[in-house]
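Trainee: Could you take me on a close look at one part of this model? I would like to see how the inside is put together.

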Amino acid sequence: ANLALDRGAVINRYRNTLGELDAWLKALLQQFDLSSTIVVITGDHGEEMFETGRLGHASTLDAPQIRTPLAICAPAALAVATGESALLSSHADIFPTVFHMLGLEHRLSAMGRSLLGEQSPKVALVAKQNHGKTPLQWAAVTPAGTLYLTLGSDGSFAATGGDTALAAAWAGAPDAAAAARHEGPLIATVLAAERELRLARRLNR
């Protein structure tokens, strides 16, 4: 009735499932020639483990539920950069990165960019689950903070608020040019998302 009372046991069980998944991945990857295979491991959502009092996913746009792991492993022959990155990325960046590794041009979407390319300001757009329908609640995550959006019936986004970090970044901007550095990538990402959602609606009619 009150999962929070069993928080320790729940988290321990979750860690056990991760250990089992690691074993499955090891068995799977041993069946491939990794000298000629690019492997991408990620998740379709985060998982909240009581950080804000909840357990689960797809119920909020809070950071624990929208942040996912991402590991891209490439053959040594591709001679790509290795190591960990703290830069903001999104699922939209996966295919551009793989295309970059293969020396191919990426034209799938205006939303993503190669993680191996120029590190321009980045916005990760996240949608909240809407049970098979077009999501109505979104979050535009930036290094400076998060802007919350609602998708209207006309296919346009409306800002509904921001977190305290983003508000502080805007308030602390010393001049209009500094504020524009926060605003520019946000606007460009939202407009690109609107274009792609409208295109998807036309294709699905």
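**A look around Phe 157**

Mentor: Happy to. Leaving aside residues up to four places away in sequence, Phe 157 touches Leu 125, Trp 138, Leu 149, Thr 150, Leu 151, Val 190, Ala 193, Glu 194 and Leu 197, where contact means heavy atoms within 4.5 Å. A word on the basis: this is a predicted model, in which local features need pLDDT of at least 70 and side-chain atom pairs count only at pLDDT 80 or more, while totals for chains, interfaces and linings use all residues. Residues are numbered from 1 along each chain as its sequence is written, and side-chain values use heavy atoms, without hydrogens and water.

Phe 157 belongs to the largest nonpolar core, which has 17 residues. Such a core is a set of buried Ala, Val, Leu, Ile, Met, Phe, Trp, Tyr and Cys residues joined through side-chain atoms within 4.5 Å; buried means under 20% relative accessible area (1.4 Å probe, protein chains only). Along with Phe 157, the members touching the most others are Leu 125, Trp 138, Ala 140, Leu 147 and Leu 149. At least two residues each come from β6 (137-142), β7 (145-151), α4 (164-171) and α5 (176-203), and α5 gives the most, with five. These elements are DSSP runs numbered from the N terminus: helices (H or I, at least four residues) and strands (E, at least two).

Apart from this core lies another, of seven residues, including Ile 66, Leu 88, Ala 124 and Val 141.

Note on methods. Buried means under 20% relative accessible area, exposed over 50%, partly exposed in between (1.4 Å probe, protein chains only).
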